[in-house]
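Hello,

Here is the structure I promised to pass on. Please open it and keep it in view while you read my notes.

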Amino acid sequence: MNKNYFEVLRPGINSTFQDNGRNNFYHIGIPFSGAMDNRNFLLANTISNNGINNPVLEFAYQGPKLKYIGENISINVTGDVNFKIIRKNKNLEFSCYENIILENNDCLDILSTNRSVYGYLSIGGTFEVDYYLNSCSTNTKAKIGANSGEKLEKGQIIHLKNIKKILPKNKIEYLNSKIENIRIIKGPHFDYFSKDAIDLFFGNEFNITKLSDRMGIRLKGPKISNIKNTNIKSEGLVKGVIQITADGDPIIMLSDHGTIGGYPKIGVVISADYDKLVQIPPGSKIKFKEINLKDAETIFKLYEMETQNLISNIK
Amino acid sequence: MIKNISNLGDAALYCDFGPEVNKEINRNVINYFNNLRDSNFLGITNITPSYNKLVISFDLKLTSFAKLKKQVENLELKKNYNSKNNLIKIPVCCAEEFALDIKRLQKLLKINEAKIYETFFSKNYYCYMTGFIAGMPFLGDMDKSLFAKRLETPRVKVPKNSIGITEQFCNIYTFESPGGWNIIGKTPVDIFDNKKNTEPNLINPGDTISFYPISKLEYEKKYE
């Protein structure tokens, strides 16, 4: 039997194994986790002819540099990603969203995500990773999931299994569109804020700060002052919730968020805008727009149809 | 009973059990939580009980707010889960190096150290909810004489297994984490065991906790 593996020459900034996420453990403090940008995660696995919940390697900003040892294998990268393969001292350039054949001793260098945050590496096979509570998604806070709950580390070996025969090219043309307007639905504590504060909230741009990660996005902009109470009795959160801290700054909860929180919730990002929201890098500006539940549901249906169309167009 | 169900975004239900925080209301929340878990309604991805709310998140591809709301409203509470709550005993070492805020508390509460501990250890505590970080239990109620505000500036790192108190509640930091609660001791028991693949958390909502003091020597023994 052949042994196939990657050796991590450079781990990248925040490289973790992820799948569809971990359901049904919020009540003991374990967040959903899973791939941040679900559409790009699905595309990666579909191009690899994998099951939709197969583990992928997610990276942020700068990705990993991996040396490959083993039989020829198909791989693909999704997102807006700059990467190359170094083969016998030659640099080879490739595009995202197509299967590429990796040969023994090749070096895959994922240089950066372009004006975005997350990208995905999928293989025609399976990364050999640990599962915890039915998911391999890495949660670095609770130290659970693949890689003992840690980010990728320099020098480590990633074993691969179930290597498939070389896959068809499976290419799609897909451009990751950017958004600046984030659509939200009113939260349960909307009335904790004065009319003026609400006008400031919807009328101004907010900066995405560097204090943003898989847990949440911290925003800076006009202070949103509170007329009732800056704290509430702690209660459940979901991804996309926008809390206003005691300092008057909004924080948006993302996939690794704390499961309960004690700040008032001014709104919740609609499901259809989540994949694009997480891809907006620090330093960018965003603006909020309020819509109602019915419209949010319709927009999500359209977003889902678009994803399914992309999947069926993979050739 | 649920007083009102509204939507939290487009993929969650926000069930309100009324404004008060007390055991009776919380037991009701937890009873709903457990019965909902048994119900297997299509599309539910998470249910989070807290003091007086229940947040139910769902997969928008499989169900919708209107559909799930109707199911929750018509939920029959088949089983009463309030009868089988565990009593869990947790040892606490109050050595100086672990009781990071005991000096502050003496000043703040105007009671001496011995009395603070005597009062703290004399009561049983009820687990309202677990979460924020994995397995962290929110316990209450503290004796009124021990009601203390959070630290003005939260600690960047509270050591794992620290016991903290604030207002009517106490908790156990299951992982090293930022936090602003007043730290009065440390337990050698891991409340959340991330090596265990089933029931990794020792304390569940609805359980009763009694703390008991141990010496530094006993603490070190338990750690071996």
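Predicted model: local features only at pLDDT ≥ 70, side-chain atom pairs only at ≥ 80, totals over all residues.

**Chain A and its domains**
Chain A splits into domain 1 (4-161) and domain 2 (181-312). The C-alpha centres of domain 1 and domain 2 of chain A are 27 Å apart. The domains of chain A do touch: 19 residues of domain 1 meet 15 residues of domain 2. On the domain 1 side, helix α1 (residues 38-47) of chain A gives the most, with five residues. That side of domain 1 of chain A holds eight nonpolar, seven polar and four charged residues.

**Where the chains meet**
Chain A puts 34 residues into its contact with chain B, and chain B puts in 38. On the chain A side, β16 (235-236) and α4 (293-312) of chain A each give two or more residues. The most come from α4(A), with five. The chain A side has 17 nonpolar, 11 polar and six charged residues.

**A sheet in chain B**
Now look at chain B. Four strands make an open sheet there, in the order β1-β2-β4-β3, with antiparallel pairing. Which strands of chain B are at the edges? They are β1 (4-7) and β3 (44-49) of chain B, and each pairs on one side only. From one strand to the next, the twist averages 20 degrees. Antiparallel strands β3(B) and β4 (residues 53-58) of chain B are joined by five bridges. Find B:T48, which stands opposite B:V55 in β4(B). Helix α1 (residues 23-39) of chain B packs on this sheet and touches β3 and β4 of chain B. The direction of this helix makes about 165 degrees with that of β3(B).

Best wishes

Technical notes
Residues numbered from 1 in each chain as written. Chains lettered and ligands numbered in written order. Domains from an automatic or database assignment. Contact = placed C-beta atoms within 7 Å. Nonpolar A, V, L, I, M, F, W, Y, C, P; charged D, E, K, R; others polar. Pairing = 2+ DSSP bridges. Axes fitted to C-alpha atoms, helices over the stretch in contact; angles between N-to-C directions.
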